[in-house]
Amino acid sequence: MDAENDKIMVVSHCLLNPESRLAGIKNPGKFSPGNNNVIQLPCPELIYFGSSRREITRDQLIHSAYRKFCRQLFAPFADMLEEFYRRGFSVEFVGVGKSPSCAADLTTVSGPAGRVSNFTHEHAAGRGVFFEEIEMELVRRGICYSMQDCHKQ
């Protein structure tokens with residue numbers, strides 16, 4: 001292992017592929033992994049709901065089917081990260097602030113259920129559903145990690 005390159009950055013999909021973001025949502029900011037090793041996570045919302053999905057909040061994703069989907073989606077990445085961690089790499093996740101799935105620090109909550117003409121929501125400290133499931137798996141495997149949202153540069 002190269003001592004100068006001993007970090008694995010695990011990044012939310014849309015930080016490297018903005019086309020996967022919900023139509024009309026602001027770009028989370030410019031992200032550059034620098035000289036770090038990078039693993040790009042899949043976008044759970046794009047895969048689960050498709051590209052024509054509507055705005056949604058964390059509250060609406062907290063159900064067993066979506067959580068199970070997130071666990072299954074992350075499983076091969078967890079195996080890979082465990083291998084890197086056991087070889088001495090540090091693991092750092094970079095999420096997307098205000099995301100109901102991929103937030104590390106600040107997520108979106110309280111969206112109305114049912115048919116609405118004006119979608120409203122709030123922001124609250126906490127992880128998105130996908131990042132919660134990732135965190136539980138990393139803890140279960142004994143992998144030390146850090147998580148933070150991408151900050152606008």
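The axes of helices α4 and α5 come within 9 Å and cross at roughly 45°; helices here are DSSP runs of H or I with at least four residues, and strands are runs of E with at least two, numbered from the N terminus. The axes themselves are lines fitted to C-alpha atoms, for helices over the stretch in contact, and angles run from 0 to 180 degrees between N-to-C directions. α4 and α5 are therefore oblique to each other, given that angles under 35 degrees count as roughly parallel, over 145 as roughly antiparallel, 65 to 115 as roughly perpendicular and the rest as oblique. Residues making the contact (heavy atoms within 4.5 Å) include Tyr 66, Phe 74 and Arg 86 of α4, along with Phe 130, Met 136 and Arg 141 of α5.

All of this comes from a predicted model, in which local features need pLDDT of at least 70 and side-chain atom pairs count only at pLDDT 80 or more, while totals for chains, interfaces and linings use all residues. Residues are numbered from 1 along each chain as its sequence is written, and side-chain values use heavy atoms, with hydrogens and water left out.

Now for the sheet. Four strands make up an open, parallel sheet in the order β2-β1-β3-β6, where two strands pair if DSSP finds at least two bridges between them. At the edges sit β2 (37-40) and β6 (146-149), each pairing on one side only. On average, neighbouring strands are turned by 25° against each other, direction ignored. Strand β3 (residues 90-95) is joined to β6 by four bridges, and Phe 93 stands opposite Met 147 in β6.

Both helices lie across strands of this sheet. Helix α4 (residues 64-86) lies across β1 (7-11), β2 and β3, at about 165° to β2. Helix α5 (residues 129-141) lies across β3 and β6, at about 170° to β3.

What about the cysteines? A search of the whole structure turns up zero disulfides, a disulfide being a pair of cysteine sulfur atoms within 2.5 Å. For Cys 14, the nearest cysteine sulfur is that of Cys 43, 6.6 Å away. The sulfur of Cys 43 has its closest cysteine sulfur in Cys 102, at 6.3 Å, too far for a bond. Cys 14 is buried at 12% relative accessible area, and Cys 43 is buried at 13% (buried means under 20%, exposed over 50%, partly exposed in between, with a 1.4 Å probe and protein chains only).
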